[in-house]
Each structure stands twice: as structure tokens, then as C-alpha cells.
Amino acid sequence: SKGTVQTMKAKVMTSYRHGLYDEEIKKGEEPESAAMSTLLEAMVTTLDRPALTVDEAHAFTYAKDAIMLSVSLHCNTPVPFFIKEWNIELPPPLSLAEDGDLNHGMFEHAVAEGEELFFGFKCERNGKPIPDYMAEEDSDDEEKTILHVVLKDEFGKTFRQVLPLDLYNFFDQLRREDEFASSSSAKAELRCSHNEGIVGEPVTFTYDLSFNIKRKKSRWPKPTASNSDLFRYSILCDETDWILGGKVRGVIDCSSNDSFSLTFVGIPSRSGILKRFPEISIMQHMDNGFNENQDSATSIMSANPHMTVQSRYPAAFKSLSYTHHMALAVPSMIEIG
């Protein structure tokens with residue numbers, strides 16, 4: 001029943017005699033005697049399924065060569081356990097950052113049936129190539145990312161849980177990004193219409209793009225643009241410095257031209273010397289239902305491979321605060337009929 005511990009009991013009985021027993025019996029100097037015996041009993045907790053199962057495992061890049069790994073576990077134990085320790089095994093090209101274990105509050109945490117546990121790890125790319133087997137969905141468990149969790153019951157017994165994490169899609173994305181970055185690149189120079197302005201006053205920005213695309217040679221001209229010639233771009237910026245407007249997301253067709261200019265509007269949102277400017281991200285267009293008006297976060301989290309972009313920005317923008325403000329007060333009349 002629920003809340004009752006399932007156990008398995010085992011008994012082992014061993015019978016034995018002294019090593020010189022047979023020799024002494026043959027001499028007839030000692031009477032025959034019954035064998036000595038030892039009884040060993042043990043009880044272990046059993047479950048109809050693992051104590052912990054993996055609900056979800058996700059990895060995403062949040063900075064250059066910096067990856068966040070999130071793991072959600074479901075507890076199936078009928079009685080509370082405690083988390084004694086844990087560790088994670090990462091295949092190349094990932095390694096745990098120096099301060100990458102974000103789960104210190106989980107130590108000695110009690111776990112009951114039905115609870116969810118969330119583990120987080122900060123990882124980094126170590127420059128090693130992605131092994132070929134990471135591209136195979138059915139690769140062996142020992143070749144995957146594995147989370148080890150040691151549980152302890154109220155009697156002090158420990159149970160090690162070995163939990164393989166399925167990160168095939170993430171490693172496949174990394175592989176495609178590496179291949180794509182090594183084959184194509186772009187240069188982007190940001191121009192600003194003014195070097196200074198007032199907070200809240202729009203400024204015109206222009207990105208001048210120059211693509212270097214390595215295409216596969218073909219004997220026949222392409223009548224229309226293929227996916228290899230279509231690129232999605234997204235322009236983002238920290239809203240504490242700039243508020244962006246205009247066409248900051250879209251698709252570029254490089255089938256007939258490798259140079260483009262993108263114009264949009266930026267509004268300085270604070271006074272001072274601004275040295276951070278809107279950044280552009282370019283990725284290959286995979287024709288997966290992209291909508292130019294969709295949320296930018298959705299675009300960035302897409303599995304499409306990103307292009308390496310070498311960007312140049314203005315040195316700084318001087319954002320001035322309001323020195324004066326003029327307003328006209330007009331009395332209003334309310335007619336009561």
C-alpha cells in the first residue's frame with residue numbers, strides 16, 4: 001500500500017567444520033560431531049521502479065562557450081530519503097565550470113514520493129571536438145551525460161542512482177553550429193546617425209553587413225534561393241541602455257548579393273556615456289515556420305546553426321538628460337447637463 005516500504009529479505013546459512021576435522025576422525029581420536037553453522041539475515045528496500053527518474057534534461061548556451069544544464073528529477077520512493085551527494089559526468093567538449101555546481105542547498109534535503117528535484121550546472125566548452133558517438137541517439141549510456149545521485153534512508157543505508165541524460169539535440173546543435181561557423185562568416189559594422197542625443201530622443205542605426213559564404217560548387221545555376229542562401233537575423237540590446245524599434249528581425253536572401261544594410265531605430269533610455277550598442281545575431285534559415293514577428297527569445301532558442309559575426313561598433317554615444325521642460329496647462333470645463 002502507499003506509504004509502506006517494500007522490502008526483500010534474504011537468509012544465508014553456512015555450515016562448516018574445522019580444517020583438521022576429517023584427519024582427526026580418521027585417527028579415531030575424536031568423536032564425530034555436528035557441523036558448526038552461521039545464519040546471516042539481511043533486508044533491503046525494493047521498488048517497482050527506480051527511486052529517481054529523469055523528467056527533463058535541457059542545455060542551452062547563455063554566453064560564449066558557457067552552457068547552462070538543467071535537470072528535472074521525479075521521486076518514486078514511498079518513504080522519505082535524504083540526498084547524501086551527487087556528481088555529474090560530462091562528455092567532451094563540456095566540462096563543469098569552477099563554480100558550476102548550483103545545488104548546494106540540496107545537501108541532506110529530504111525527498112518524498114511525488115516530489116520534483118531540480119538540478120542546475122554551469123558548464124563550459126573546453127575546446128575539445130565533439131565525439132562522433134554524440135551524434136547517435138542510441139549511443140551507450142556510459143558515453144552520455146550521466147548524473148549520479150546518492151540517497152540515504154533513515155537507517156543510514158545508501159542507494160546510488162545512475163541517471164543518463166538525453167542531450168542528443170543539444171550536441172547535434174553544437175555540431176551543426178561548428179560546421180556552419182567554419183564554412184561561412186559575416187562582417188557587421190554599426191553606424192549611428194549622431195554621436196550624442198537626449199534621453200528618449202530616437203537615433204537612427206544602420207548595420208552594414210558583408211557575408212562570406214562558402215557554397216558548394218554546382219554546374220547548374222540556381223533558379224531560386226535555397227536554404228543555404230537564406231539567413232535569419234535578430235538585433236538585440238540591453239533595455240537599460242537602448243529601446244529598439246523598427247525591423248529588428250527578418251530574413252536575408254544572399255543568392256544574388258552578399259552585402260546588405262539594415263536600418264532601425266534606437267532610443268537611449270538613460271543618461272551618460274553609452275558604450276554598449278545593439279548586437280546582431282545571424283543564423284541559417286531552416287524553413288521551420290519562422291515568423292518575423294515572433295518573440296526574439298523563441299528565435300534565439302531555435303536549433304538553427306549560428307553564423308560567426310565579426311562586429312564593429314561606435315566608440316561611444318553621449319546621452320544627455322533633460323535640461324528643461326516646457327508644458328502648457330489648460331483648464332478643463334465639465335458640463336453637467
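Helices (H or I, at least four residues) and strands (E, at least two) are DSSP runs, numbered from the N terminus. The views below come from a predicted model, where local features need pLDDT of at least 70, side-chain atom pairs count only at pLDDT 80 or more, and totals for chains, interfaces and linings use all residues. Residue numbers start from 1 along each chain as its sequence is written, and side-chain values use heavy atoms, with hydrogens and water left out.

**View 1. Thr206 sits in strand E13, which covers residues 203-213.** With a relative accessible area of 10%, Thr206 is buried (under 20%; exposed is over 50%, partly exposed in between; 1.4 Å probe, protein chains only). Which residues does Thr206 touch, not counting those up to four places away in sequence? Its contacts (heavy atoms within 4.5 Å) are Glu189, Leu190, Arg191, Ser261, Leu262 and Thr263.

View 2. Rings of Phe, Tyr and Trp (its six-membered ring) pair if their centres lie within 6.5 Å; planes under 30 degrees apart count as stacked, over 60 as edge-to-face and the rest as tilted. The whole structure holds 12 aromatic pairs. One of them, Phe205 with Phe277, is edge-to-face, at 6.3 Å centre to centre and 80° between the planes. Why is the pair of Tyr207 and Phe264 stacked? Their ring centres are 6.2 Å apart and their planes at 25°, so the pair counts as stacked. Because Tyr207 belongs to E13 and Phe264 to strand E17 (residues 259-268), this pair ties together parts 57 residues apart in sequence. A cluster linked by ring pairs takes in Phe205, Tyr207, Trp242, Phe264, Phe277 and Phe317.

**View 3. Four strands form an open antiparallel sheet in the order E7-E5-E9-E10.** Strand E7 (110-111) and strand E10 (158-165) each have a single partner strand, so one side of each is left without a neighbour in the sheet. Strands pair if DSSP finds at least two bridges between them; E5 (residues 81-89) and E9 (residues 145-152) share 7. Ile83 has Leu151 in E9 as its bridge partner.

**View 4. The largest nonpolar core has 30 residues.** Such a core is a set of buried Ala, Val, Leu, Ile, Met, Phe, Trp, Tyr and Cys residues joined through side-chain atoms within 4.5 Å. Among those with the most contacts inside it are Leu73 and Ile83. Strand E4 (66-75) gives two or more residues to this core; its 5 residues are the largest share.
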